[in-house]
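This report covers a two-chain model. Please load the coordinates and keep the sequence at hand.

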Amino acid sequence: MGPTVQVRFTEGFARAFTGGVREFEVEAKLLRDVIRAMNEQFPGLGERLVEETTVAIDGMMHETGYFQPVPPGGEVFFIPKLEGG
Amino acid sequence: MSAEAKEFKWVGTRPVRPDGVPKVTGRAQYGADYRLPGELIGKVLRSPHAHARIRSIDTSKAEALPGVKAVITSADLPDHDFAYIGPERVAQNFWHITRNVMAREKVLYEGHSVAAVAAASAAVAEEAVSLIEVDYEVLPHVIDVDEAMKPDAPLLFEDMVTRGVEPTPDTASNISKRLEFGIGDLDAGFAKADHIVEESFKTAAVHQGYIETHACMARFDADGHGEVWSSSQGHFVVRAMTAKLLGISPGNIRATALEIGGGFGGKTIVYLEPLAAALSRKCSQPVRMQMTREEVFKATGPTSGASMTVKIGVTNDGKITAADATFNFQAGAFPGSPVMNACMCAFAPYDIENARTIGYDVVCNRPKAAAYRAPGSPISAFGVESVLDMLAKKVAMDPVAFRLKNAARQGTQMVYGPKLSHDGYVETLEALMDHPDYKKPIGPNQGRGVASGFWFNGGGESSATVHVNDDGTIIVGSGSVDVGGSRASMALMAAETFGVDYDNVRCIVSDTASVGYTHVTGGSRVTFATGIAVHQACNKVIDDLRQRAAMIWDVDVDAVEWRDGAAHPAGANVGDFEPLTIGELAAKRGLTGGPIGAAGTTNAGAQAPGFSSQFCDIEVDPETGHVQILRFIAAQDVGRAIHPSYVEGQIQGGVVQGIGWALNEEYIYDDKGRLENAGFLDYRVPVASDLPMIDAVLVEVPNPSHPYGVKGVGEVNICPPMAAIANAIDGAVGTRMCELPMSPPRLLAAMDANGADGDD
């Protein structure tokens with residue numbers, strides 16, 4: 001088994017897309033792996049993540065993309081995407 | 001606090017701004033200044049009604065008027081499917097957007113665009129507009145957010161049901177969406193509290209108030225390719241939205257950013273560009289359009305007005321145990337207020353174990369809300385920071401010390417989910433505490449108010465190019481519109497990276513055909529994200545220059561190092577070579593491979609949030625209710641100030657806009673839903689004579705994820721002023737103001753109701 005990360009969702013997002021489950025553990029080295037793994041569990045969720053979320057990787061905010069590395073044991077928290085003025 | 005970064009030669013210095021000479025000599029081209037041969041003037045017919053069904057539009061008389069070249073209605077723009085596309089906070093629904101740009105079935109606010117004309121002169125265009133006949137069925141309207149939420153309110157959309165509610169409602173509503181964030185156990189948290197304060201607040205819709213009105217030029221050729229020149233915060237977004245609204249490929253439009261006379265978020269979307277482009281496409285002549293100030297007030301911006309309830313509990317020793325807030329935001333005529341940001345930012349400066357925020361996005365017969373400086377956060381900060389002041393008084397703590405005791409730090413759990421990634425808030429509070437003016441006594445009818453604010457700051461996609469001229473001077477091109485000094489900050493970072501003089505670097509804003517995609521200048525993202533793209537492009541060029549020096553010296557590239565604007569042998573064993581400056585290498589460019597240049601692109605992440613803490617001293621005139629600002633201190637974590645003068649300017653500007661929001665600015669509607677104060681004489685923004693010098697304190701806690709430590713600086717400064725002033729008023733006259741603006745008549749009425757007349 002490869003390195004794993006903790007995946008977390010907001011309550012509203014979890015209620016809408018993951019049956020209310022807010023925390024998952026998946027194998028991943030890149031955010032691409034996280035998105036793929038979540039999409040396998042909940043078909044269609046991958047597109048939702050890409051389109052609708054910003055991601056905090058160990059608290060650091062990023063636009064949700066495929067290319068970001070995720071550290072072993074790290075926290076990947078998907079939150080609603082932000083824009084400013 | 002010193003902003004002078006001693007370890008850098010250029011970063012942290014204050015050179016003369018590169019856009020200064022064209023602006024002060026009047027040569028700078030703003031949106032309305034651009035001219036093309038054969039241009040026409042475009043004008044818009046706007047709705048006189050707040051809410052009406054359009055039965056018919058007859059443009060025949062306008063079309064027959066000599067000099068009129070084109071008339072368009074919504075029939076000239078393709079309709080779009082009803083679908084929310086993209087991220088939820090800014091979920092774009094082009095069914096809505098095309099109807100905001102030009103009304104279809106109904107007009108939803110006074111000033112709503114109904115038709116547009118292009119003619120040989122402004123006078124002819126205005127006459128043609130007056131000849132367009134629209135048959136309206138006037139409908140009941142609703143302006144206030146709380147009224148719009150009632151079950152019997154007039155509906156803007158008869159089929160809109162509230163999203164985010166389970167089960168899905170079976171009746172239509174003006175509430176577009178409900179959302180909720182939460183952590184911990186609210187009931188348990190409030191049970192631990194010794195003091196609980198619950199209060200309701202209202203804020204007025206306020207306009208971004210940019211001095212330059214919206215303006216653009218569009219030209220479409222017979223081959224279907226077009227160009228757009230406009231004043232915007234992002235010409236790539238202008239291109240994308242104009243193309244989508246016209247039903248063409250973005251590749252068929254080239255967009256150029258002209259100078260911008262203020263945007264503050266309100267120019268991140270389009271109003272005129274698709275209309276000018278559609279008119280030009282119809283008549284094959286360039287079309288120039290510019291809004292009047294009245295049109296700007298009635299048909300663009302503003303940010304939401306809101307109502308909210310905030311409840312917070314604390315222990316006797318000043319520890320917050322629980323916090324709960326509900327925010328109702330006016331979205332204007334179409335869904336999409338910044339209420340989500342309000343929910344996420346409301347408690348972000350604080351370490352609170354048990355917290356919840358609930359938000360409602362509500363449509364009403366006002367212009368569609370647009371982004372405005374830290375959208376949403378200033379509104380929630382007004383309520384939260386007012387309640388914190390009330391609690392600090394209850395536990396008899398200094399308001400800064402109270403905030404310090406509860407301050408969020410790196411690792412603090414945020415109500416919106418993840419843990420806070422960066423420090424910075426505590427340092428802004430300590431800066432206030434250490435400020436000599438914080439200890440100064442205040443006089444009769446005077447009060448001191450403290451408040452703080454949080455904003456996420458942005459990252460995202462940016463592009464830049466770097467080219468080396470014949471003599472070693474450098475051209476930096478970026479896709480970021482220069483709203484707040486980005487040409488200077490990019491040039492400073494490039495000069496620092498190359499090790500050359502700042503005067504040898506020139507930075508321009510490139511058009512959409514000359515540089516890669518770059519997201520808007522907004523969200524306090526440009527110095528961070530575009531700065532990373534510039535740094536990346538500079539380092540690619542430096543690597544290339546090292547290769548060329550190695551070629552000239554016949555050594556391996558690893559034997560060449562770059563410093564102080566020149567290639568140097570990496571060690572004594574490399575050989576006895578004199579350094580090759582960037583100018584000397586540029587002179588041999590043909591010999592070593594040709595032109596020297598590179599592009600940098602990024603989707604920048606790991607941006608750090610911004611914190612601002614402020615205090616002000618005010619004096620209330622007990623006879624008139626007028627509030628005079630005596631002193632305003634604004635401490636902000638800026639990461640590292642690349643050009644401190646611009647950063648101070650951002651802080652001063654944000655505070656001034658906050659003062660206007662606090663004391664004077666509001667939309668006043670008559671009983672027919674018509675705006676009564678659509679001009680700067682009646683919609684009063686602060687002027688210099690209203691204000692003291694704003695003391696901007698630059699707190700530098702560098703962001704390790706940026707090569708020069710940058711954090712966004714443009715927005716968070718507008719979050720604290722409204723509550724800081726309300727808290728100061730309470731300190732001065734013992735009257736808690738819970739509604740904005742705290743204008744003289746409103747404050748006088750509150751003081752009368754409260755029996756307060758200040759100190760004798």
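**Conventions.** This is a predicted model, in which local features need pLDDT of at least 70, side-chain atom pairs count only at pLDDT 80 or more, and totals for chains, interfaces and linings use all residues. Residues are numbered from 1 along each chain as its sequence is written, while chains are lettered from A and ligands numbered from 1 in the order in which they are written.

**Chain A overall.** Chain A has three helices and five strands. Helices (H or I, at least four residues) and strands (E, at least two) are DSSP runs, numbered from the N terminus. Read from the N terminus, the order is β-α-β-α-α-β-β-β. The C-alpha atoms of chain A occupy a box of roughly 40 × 30 × 20 Å along the principal axes. What is the radius of gyration of chain A? It is 12 Å, which agrees with the value near 12 Å for a compact globule with 85 residues. The radius is taken over C-alpha atoms, and the globule rule is 2.2 Å times the number of residues to the power 0.38.

Of the 85 residues in chain A, 39% are buried. A residue is buried if 20 or more other C-beta atoms lie within 10 Å of its own, exposed if 12 or fewer, and partly exposed in between, with C-beta atoms placed from the backbone. Contacts need C-beta atoms, placed from the backbone, within 7 Å. Among chain A contacts with a separation of 6 or more, 48% join residues 24 or more positions apart.

**Contact between the chains.** Chain A gives 23 residues and chain B gives 39 residues. On the side of chain A that touches chain B, α1 (11-17), α3 (45-52), β4 (60-63) and β5 (75-80) each supply at least two residues. By class, that side of chain A has seven nonpolar, eight polar and eight charged residues. Ala, Val, Leu, Ile, Met, Phe, Trp, Tyr, Cys and Pro count as nonpolar, Asp, Glu, Lys and Arg as charged, and the others, Gly among them, as polar.

**Helix pairs.** Two packed helices are described by the angle between their axes and the distance between the axes. Axes are lines fitted to C-alpha atoms, for helices over the stretch in contact, and angles run from 0 to 180 degrees between N-to-C directions.

| Pair | Angle | Axis distance |
|---|---|---|
| α2(A) and α3(A) | roughly 135° | within 7 Å |
| α18(B) and α19(B) | about 55° | 8 Å |

Angles under 35 degrees count as roughly parallel, over 145 as roughly antiparallel, 65 to 115 as roughly perpendicular and the rest as oblique. α2(A) and α3(A) are therefore oblique. Ile35(A), Arg36(A), Met38(A) and Asn39(A) of α2(A) meet Leu45(A), Gly46(A), Leu49(A) and Val50(A) of α3(A). That contact has five nonpolar, two polar and one charged residue.

α18(B) and α19(B) are oblique to each other too. The residues from α19(B) are Pro721(B), Met722(B) and Ile725(B), and those from α18(B) include Val655(B) and Trp661(B). This contact of α18(B) with α19(B) holds eight nonpolar, one polar and no charged residues.

**Two residues of chain A.** Glu51(A) lies in helix α3. With 15 other C-beta atoms within 10 Å, Glu51(A) is partly exposed. Its C-alpha atom is 9.7 Å from that of Pro80(A), 29 residues apart along the chain. Pro71(A) sits in the loop between β4 and β5. Pro71(A) has 13 C-beta neighbours inside 10 Å and counts as partly exposed. The C-alpha atoms of Pro71(A) and Leu30(A) are separated by 8.4 Å, and these residues are 41 residues apart along the chain.

Notes. Contact = placed C-beta atoms within 7 Å.
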